Amino acid sequence: MNFNPKKRTPNLILLISAFVIVSLILWNTNSFFKKFKEEERSKMEIWATAQSELLQSSENMDLGNLTIKVLQNNSSTPMILVNKDGSIKTNNMPEDMVKDSLYLRGKIKKFENENTPILIDQQGEHLATLYYGNSEVLNKLKYYPIALLLIIFLFAAVIFFFFKTNKASEQNKLWAGMAKETAHQIGTPLSSLLGWNELLKNESINPDIPLEIEKDISRLETITERFSKIGSLPELKPHDIVKETRDAFEYLKRRSSKLIHFSFNTKVDTISVLLNPSLYNWTIENLVKNGIDAMKGRGNIALEIIPDGKYVNILVADTGHGIPKSDYQTIFNPGVTSKKRGWGLGLSLVKRIVEEYHQGKIKVLSSNKEGTIMQISLRVNQ
């Protein structure tokens with residue numbers, strides 16, 4: 001793979017910039033959290049001082065408006081005041097739970113972990129201990145970085161998906177354009193071959209020769225038609241899936257090595273399916289040729305047609321080296337191939353023809369060291 005610094009540099013700058021921005025946001029949030037926590041501590045110390053005055057005051061002593069206002073003003077921070085005689089006073093906590101001693105013990109332990117308890121002493125005498133937790137604002141601020149990271153992650157995922165989809169769309173347009181151009185380029189020499197073959201028929205040669213050339217020319221016309229249909233929605237008409245599959249299979253059988261044993265089995269004589277024969281035959285050829293490559297030109301290729309309710313299954317089996325289970329899905333991706341030579345487009349085209357054009361399904365039914373079975377499922381035309 002070639003390394004292009006001009007293309008990678010902007011991506012690297014963008015990645016570093018995103019990392020710096022996220023780091024600054026997290027650092028700023030953490031600074032706010034510490035600052036609010038310090039302010040909360042100062043507020044609770046003032047409250048503890050006011051509480052100390054309340055505990056030291058007599059019934060007839062006037063505490064003053066400031067002390068009373070401080071004691072009444074805290075309406076957000078949950079707290080538990082444990083007096084020296086063991087009595088407990090709570091504030092900003094659920095009234096229905098404060099009578100539960102186990103609940104209070106659990107809260108005291110939790111508050112100790114969140115904030116250092118404040119000891120209320122007066123002239124060397126311990127009056128009470130104040131346990132307090134984080135206010136609702138602090139708790140929300142504590143989880144804010146997590147929420148922010150999730151939002152950033154989702155945003156990045158959306159951008160990645162958008163660019164990936166856009167890139168795939170551009171690649172599809174490129175392959176479609178190349179396919180149509182290939183079909184156009186093949187058309188010119190194909191017309192010449194048709195003319196030359198007609199001349200050969202008038203010569204004193206073995207008549208089987210022009211006949212075989214005519215079959216191959218017909219084959220080239222089929223291939224040209226296939227390429228011309230890439231990128232456009234093909235027309236689907238009712239066809240006998242048994243006949244179309246058998247024809248494609250027999251053509252490959254006649255032109256393959258004698259070291260390969262071909263077998264064709266069907267549970268039904270005829271079954272109608274909405275097909276584009278040219279593209280469907282292409283899928284059968286690709287699967288059979290992949291099987292032949294996997295067997296390195298020697299082994300068994302078996303094709304079987306099995307009705308399955310509203311669907312018909314076409315199974316293509318070989319006795320090749322098999323496919324790892326981890327690759328069952330990725331083998332249908334463009335560019336994925338186990339061959340030293342190849343573009344990795346065969347199975348991706350097969351998947352597109354079966355699933356996008358014919359609304360069917362294709363999958364690896366099974367694979368091991370003894371061989372692989374590929375399954376195409378198409379809806380029966382009823």
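User: Which residues of H7 meet H8?

Analyst: In this predicted model, the H8 side of the meeting is formed by Gly346, Leu347, Leu349, Val350, Ile353, Val354 and Tyr357.

User: At roughly what angle do the axes of H7 and H8 cross?

Analyst: Two packed helices are described by the distance between their axes together with the angle between them. The crossing of H7 and H8 is left-handed. The axes of H7 and helix H8 (residues 346–357) come within 9 Å, and the angle at which they cross is roughly 145°.

User: How are H6 and H7 oriented to each other?

Analyst: Helix H6 (residues 241–254) and helix H7 (residues 277–294) have axes that come within 9 Å and cross at roughly 50°, and this crossing is right-handed. The contact includes Ala248, Phe249 and Leu252 of H6 as well as Ile284, Glu285 and Val288 of H7, and its residues divide into 8 nonpolar, 2 polar and 3 charged. Angles under 35 degrees would count as roughly parallel and those from 65 to 115 as roughly perpendicular, so H6 and H7 are oblique to each other.

User: How far apart in sequence are the parts that Lys84 and Glu125 tie together?

Analyst: The structure holds 8 salt bridges, and one of them joins the side chains of Lys84 and Glu125, with 2.5 Å from N to O. Lys84 lies in the loop between strand S1 (79–83) and strand S2 (88–91), while Glu125 belongs to strand S4 (residues 125–132), so the parts tied together are apart in sequence by 41 residues.

User: Which element has the lowest mean pLDDT?

Analyst: For the protein, the mean pLDDT is 80, and 84% of its residues reach 70 or more. Over residues 1–7 the pLDDT is below 50, and this stretch has 2 contacts beyond near neighbours in sequence. Among the elements, strand S9 (residues 311–318) has the highest mean pLDDT, 95, whereas the lowest, 71, belongs to helix H4 (residues 136–201).

Note on methods:
Residues are numbered from 1 along each chain as its sequence is written. Side-chain values use heavy atoms; hydrogens and water are left out. pLDDT is the predictor's confidence in each residue, from 0 to 100. Helices (H or I, at least four residues) and strands (E, at least two) are DSSP runs, numbered from the N terminus. Contact means heavy atoms within 4.5 Å. Axes are lines fitted to C-alpha atoms, for helices over the stretch in contact, and angles run from 0 to 180 degrees between N-to-C directions. Angles under 35 degrees count as roughly parallel, over 145 as roughly antiparallel, 65 to 115 as roughly perpendicular and the rest as oblique. A crossing is left-handed if the near helix is turned anticlockwise from the far one by less than a right angle, and right-handed if clockwise. Ala, Val, Leu, Ile, Met, Phe, Trp, Tyr, Cys and Pro count as nonpolar, Asp, Glu, Lys and Arg as charged, and the others, Gly among them, as polar. A salt bridge is a side-chain nitrogen of Lys or Arg within 4 Å of a carboxyl oxygen of Asp or Glu.
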